[in-house]
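Work through the exercises below with the sequence and the model open side by side. Each task is followed by a solution in steps.

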Amino acid sequence: MSAVSSRLPVFPWDRLEPYKATAAAHPDGIVDLSVGTPVDPVPAVVRQALADAADSPGYPTVWGTAALRDALTGWAERRLGAKGLAHTNVLPVVGSKELVAWLPTQLGLGAGDKVAYPRLAYPTYEVGARLAGAEPVVYDDPTELDPAGLKLLWLNSPSNPTGRVLSAEELRRTVAWAREHDVLLFSDECYLELGWETEPVSVLHPDVCGGSYEGIVAVHSLSKRSNLAGYRAAFLAGDAAVLGELLQIRKHGGMMVAAPVQAATVAALGDTAHVTEQRARYARRRAALRAAFEGAGFRIEHSEASLYLWATRDEPCWDTVGALSERGILVAPGDFYGAAGERFVRIAFTATDERVEAAVRRLAD
């Protein structure tokens with residue numbers, strides 16, 4: 001066994017390949033609802049900004065341009081309700097997955113340290129802990145964790161995969177607990193602008209953090225809100241001391257957001273029209289798929305935000321995946337996100353309108 005394979009779990013998506021082949025054999029083609037990757041166009045205002053900055057022969061800076069930092073702080077103040085952010089409170093990163101995977105290593109964590117994350121969660125939280133040689137720990141309620149050895153606590157609201165949203169009170173209680181026990185709290189809020197049945201709240205909101213960013217950092221991405229998954233555009237906001245340390249480490253590592261992507265990020269954060277338009281697309285697809293799956297005997301739990309429906313028909317998740325693949329529909333098995341998801345599937349509504357309509361027809365047959 002290689003050193004890598006002994007440290008890391010099997011890459012989950014490789015296990016889905018046989019079911020993908022079955023779904024692809026459908027006479028009308030596959031409807032891939034397994035991955036939350038954008039399929040709609042990159043907004044014109046963003047593409048124009050990228051093109052205008054294409055002649056960028058010099059190295060970009062890790063911290064980003066002053067215009068980018070202005071855009072990050074301005075957006076966080078307008079959209080998250082954060083108060084008094086300075087440039088030292090923000091840091092651009094090369095996509096949020098890179099940050100999640102390498103954060104424990106960049107923080108200097110290792111043997112004897114613990115990294116905690118929700119029992120049902122994006123697999124990269126565990127991967128990041130294992131890459132650093134730290135111990136991954138799951139929780140149902142973070143305030144019931146044993147703080148001994150706990151160095152990093154991940155929150156994820158809205159949740160991937162369940163779409164669950166933590167209330168301001170739950171967030172406030174967790175922030176207070178983390179500060180009491182000197183545990184660094186990172187909140188993955190990449191789906192925050194995609195609330196459907198409730199309005200997600202950031203840990204940076206003064207009602208949650210009390211107006212202080214000590215010990216807390218929020219993670220945000222433009223992949224979902226602006227269809228920029230291909231641009232790898234994301235950023236952090238929060239504790240200036242923590243971000244200052246990460247900035248120095250990332251300078252040494254050459255972790256720079258490309259200059260044209262920095263310019264595109266400024267344009268994306270300065271425009272709300274495309275966000276409203278994209279939300280409307282997702283709302284239509286969500287409504288159509290929810291009705292179709294419920295009509296086919298599925299029960300939807302949580303799912304009040306994000307780009308997914310967390311669904312079950314009370315059977316092992318791989319049985320559900322197999323049955324749907326026979327109809328040409330591919331979904332993600334819930335156990336990708338932890339053993340607690342073994343009787344659920346995650347259904348993304350990021351397919352095109354035409355493919356969503358095809359899924360609806362097949363589920364009605």
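**Exercise 1.** Compare the end-to-end reach of helix α4 with the expected value.

*Solution.* The model is predicted. Step one: α4 covers residues 66–80, which is 15 residues. Step two: at 1.5 Å a residue, 21 Å is expected. Step three: from first C-alpha to last, α4 reaches 20 Å, close to that expectation. Just after the helix, G81 takes a positive phi of about 80°.

**Exercise 2.** Find which residues of α4 are buried, and what they pack against.

*Solution.* Step one: apply the cut-off for buried, under 20% relative accessible area. Step two: list the residues of α4 that are buried, namely L68, R69, A71, L72, T73, G74, W75, A76 and L80. Step three: look for their partners, which are the strands β2 (90–93), β7 (216–221) and β8 (234–238), together with helix α10 (259–269).

**Exercise 3.** Give the strand order of the open sheet and name its edge strands.

*Solution.* Step one: the 7 strands run in the order β2-β8-β7-β6-β5-β3-β4, and their pairing is mixed. Step two: β2 and β4 (135–139) each pair on one side only, which makes them the edge strands. Step three: on average, neighbouring strands are turned by 20° against each other, direction ignored.

Note on methods. Residues numbered from 1 in each chain as written. Predicted model: local features only at pLDDT ≥ 70, side-chain atom pairs only at ≥ 80, totals over all residues. Heavy atoms only, no water. Helix = DSSP H or I, 4+ residues; strand = E, 2+ residues; numbered from the N terminus. Expected span 1.5 Å × (residues − 1). Buried < 20%, exposed > 50% of the residue type's maximum accessible area, 1.4 Å probe, protein only. Contact = heavy atoms within 4.5 Å. Pairing = 2+ DSSP bridges. Axes fitted to C-alpha atoms, helices over the stretch in contact; angles between N-to-C directions.
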